[in-house]
Amino acid sequence: MKPLYRIMAIVKKEVRQLRRDRLTFGMVVGLPVIQMLLFGYAINTDVRNLRTAISDQAGTHLARQFVAELRQTQVVDIIEFVETAEELEQLLRGGKISIGVVIPPDFDRRVSDQSRSAVQLLVDGTDPTILGVANQLKTMPIGFDSAGHAAASQQLLEVRPFYNPERRTPVNIIPGLMGVILTMTMILFTAVAIVRERERGNLELLINTPLSSTELMVGKVIPYIVIGMLQLALILAVGRLLFDVPVRGSIADLYLAASAFVAANLSLGLLISTAAKTQFQAMQMMVFVLLPSILLSGFMFPFDGMPTLAKYIGEVLPNTHFIRLTRGIMLRDATLPELLPDLFYLIGFTLVAMIVAAMRFSKRLD
Amino acid sequence: MHSEFAIEARGLSKQFGELRAVSSLDLDVPRGEIYGFLGPNGSGKSTTIRMLCGLLTPTEGSATVLDTDVPENSKDLKPKIGYMTQRFSLFGDMTVFENLQFIAEIYSYPFADRSTRIGELLDRYDLVAQRNQLAGTMSGGERQRLALACAVLHHPELLLLDEPTSAVDPQSRRDFWENLFRLAGGGTTILVSTHYMDEAERCHRLAILDHGVKVADGTPQELQNRTGMHVLEVIADDPYAAQGAIHELEAVASVTQLGVRLRVLIPDSHEHPRELVEHALAARNLKATTRLTAATLEDVFVAVTMKPRKT
Ligand SMILES: Nc1ncnc2c1ncn2[C@@H]1O[C@H](COP(=O)(O)OP(=O)(O)OP(=O)(O)O)[C@@H](O)[C@H]1O
Ligand SMILES: [Mg+2]
């Protein structure tokens, strides 16, 4: 019973200190929300409203209809009409527009001529995403060629499904983002947890009491598991409200997967805490884990496309496995039993990190 | 096996890289006494205390504390000792009451008596008014009282106090020592490190450490009786010049100026210390009166920590 009471004493102390630590307390809530907004709005690979200028040298009814169709795709935001192609180039070079559309004087004739393209797109190729989008747009006029005017309109509208709501980026991003946010906050909190007490001198007092290393570790982790769960709820709520991100699978499965993931990160944080001498060092080590968790976990780039070494590194990171779990549960309506290997990996990771941390943390100063 | 000593150390040493912080220390601390560690900065006081409670592993030697071998069984020792670190180590972002409560919980103090005990400590250590104050915002004296209250909460048999009175005014120091005597009267053994002479004088027994070596130990009285030095007090019109003149004498071990007075230490082996000094002063036409006097602890300290003179 005594160990249990001592663990509770540590938990109580941590909660008390956390409550008075405005900054950390703010981070618990602020960090996930701000990151959600940043990532959710900024990392948007479904491009809309590209600034566009048009040089309509045909001025025919058909040309005007084409412009109207183009505008309706919402991919382009037509901000200016100019006379010549040269003016478009100037705007492009000045970064005023991303796409310039040249409608040649013989537009009507070109539309029915299969061998020549009807419209010329001038594109800012510095951004690969924009180039990709433009390439999609370029194929549109070809629709005119084969099927006449009426069909052309249909073809134009048909582009839209490519940008249909189901392909919106936040939907894909948020399950991964959940992992990134939890990695960041969980490791951050625990990585400094022991180092801070060492720096403040509290540790010399603590290790001279009957408190054991394991009790101290467990007591420090428990409050943060709860915080991790709260953050998860917060992320899901914001995802739902602002980005309409669904949870197609079971919420219970999701929470179970998240608990394993949170525990894995907390243990990793403790491990860092036993290795770092100062809080600054702990932060650096945290970044060392965080960067690959963003870049190599399949969050930013598709896992399958990565070089072999990067894949190996990715496989070690808890976030890689968590992203597989969340994408499965949230988007593909998968159940946990179908995703067991990833869940087991997280549990195994937790145990190993915890044991190594408790072993490394001796109740000695030398 | 119940030893009459609370602490017995033999050949205790600690090496930090090149530095020998503590060197072959033998120590016998009788139960129920206040035992002082007197030594200048860096003399190895904290290092020794840390080895005695198992925080540092000795490079050589062994120690038995409260019949427990350290560092092997220091786990069994923890509930029986109270340790007050040199640096304030309680939680600055918790109140006085919360700190005491936390310590009570960590030591599994019987639940039913917990609040009585905490109330008693708040009373005894004059912290009632600070009960709900954050420990980090308290004054040096208040922090020190809280640290002592936390160290004694679980009724330890042995208290290890590492420079408990640095950063504390003289009145608070006196009060603090009142508390120590009360605890010792109740049977608690106390090991306290200090670099204040007046505190050392209050100890039942003390050891003087210098560069990790125990250079003397015994009761303050014993130490004063066997300095191996004549102590000569010189009152001179021009103390500064007198000091220079006396310093030139090869026989003189040390000269310390205290206002207009000089304290001169001369080894026992010289039969006429007074004449020696008076002669030297007269030779320089310096007016002064001299008298032999009893050694104080300060003299003992100077005598034993003195560097060999090079001239
Ligand atoms: N962890 C350590 N690593 C290296 N050297 C150390 C360590 N701890 C102490 N020392 C060195 O050992 C020597 C003795 O230090 P210690 O802290 O025991 O002295 P002290 O008598 O307590 O001094 P003070 O009165 O300043 O507290 C010092 O020279 C110190 O620099
Ligand atoms: Mg010290």
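Among contacts in chain A between residues at least 6 apart in sequence, what share joins residues at least 24 apart? I looked it up: 76% of them do, where a contact means heavy atoms within 4.5 Å.

**Ground rules I noted**

This is a predicted model, so I kept in mind that local features need pLDDT of at least 70, that side-chain atom pairs count only at pLDDT 80 or more, and that totals for chains, interfaces and linings use all residues. Residues are numbered from 1 along each chain as its sequence is written, chains are lettered from A and ligands numbered from 1 in the order in which they are written, and side-chain values use heavy atoms, leaving out hydrogens and water.

**Chain A**

I found 15 helices and four strands in chain A. Helices (H or I, at least four residues) and strands (E, at least two) are DSSP runs, numbered from the N terminus. Of its 366 residues, 52% are buried. Buried means under 20% relative accessible area, exposed means over 50%, and partly exposed is in between, with a 1.4 Å probe and protein chains only. I got an accessible surface of about 17200 Å² for chain A, 63% of it from carbon and sulfur atoms. Those areas come from the Shrake-Rupley method with a 1.4 Å probe, and for residues only the protein chains shown count as cover.

**Chain B, the overall picture**

Next I turned to chain B, which has eleven helices and 14 strands. Its C-alpha atoms fill a box of roughly 75 × 45 × 35 Å along the principal axes. I wrote down two domains, domain 1 (5–221) and domain 2 (228–294); such bounds come from an automatic or database domain assignment. Taken over C-alpha atoms, the centres of these two domains of chain B are 40 Å apart.

Chain B has 311 residues, and 54% of them are buried. For contacts between residues at least 6 apart in sequence, I noted that 69% join residues at least 24 apart in chain B. Chain B exposes about 13900 Å², with 50% supplied by carbon and sulfur atoms.

**The magnesium ion**

Which atoms coordinate the magnesium ion (ligand 2)? I found OG of S46(B) and OE1 of Q86(B), at 1.9 to 2.1 Å. Donors here are N, O and S atoms within 2.8 Å of the metal (3.2 Å for Na, K and Ca), and the site may look incomplete because water is not among the atoms. The pair links distant parts of the chain, 40 residues apart: S46(B) sits in helix α1 (residues 45–52), and Q86(B) in the loop between β6 (81–84) and α3 (96–106) of chain B. S46(B) is buried at 14% relative accessible area, while Q86(B) is partly exposed at 41%.

**Helix α3 and E105(B)**

I then checked E105(B), which is in helix α3 of chain B. Is E105(B) buried or exposed? With a relative accessible area of 11%, E105(B) is buried. Not counting residues up to four places away in sequence, E105(B) touches R6(A), A9(A), K12(A) and R114(B).

Most residues other than glycine have a negative phi, and most peptide bonds are trans. I still found a cis peptide bond from V70(B) to P71(B), with omega near 5 degrees. P71(B) lies in the loop between β5 (68–70) and α2 (74–77) of chain B.

S108(B) is not a glycine, yet has a positive phi of about 50 degrees; I placed S108(B) in the loop between α3 and α4 (114–124) of chain B. H211(B), also not a glycine, has a positive phi of about 50 degrees. H211(B) is in the loop between β9 (205–210) and β10 (213–218) of chain B, and H211(B) is exposed at 55% relative accessible area.
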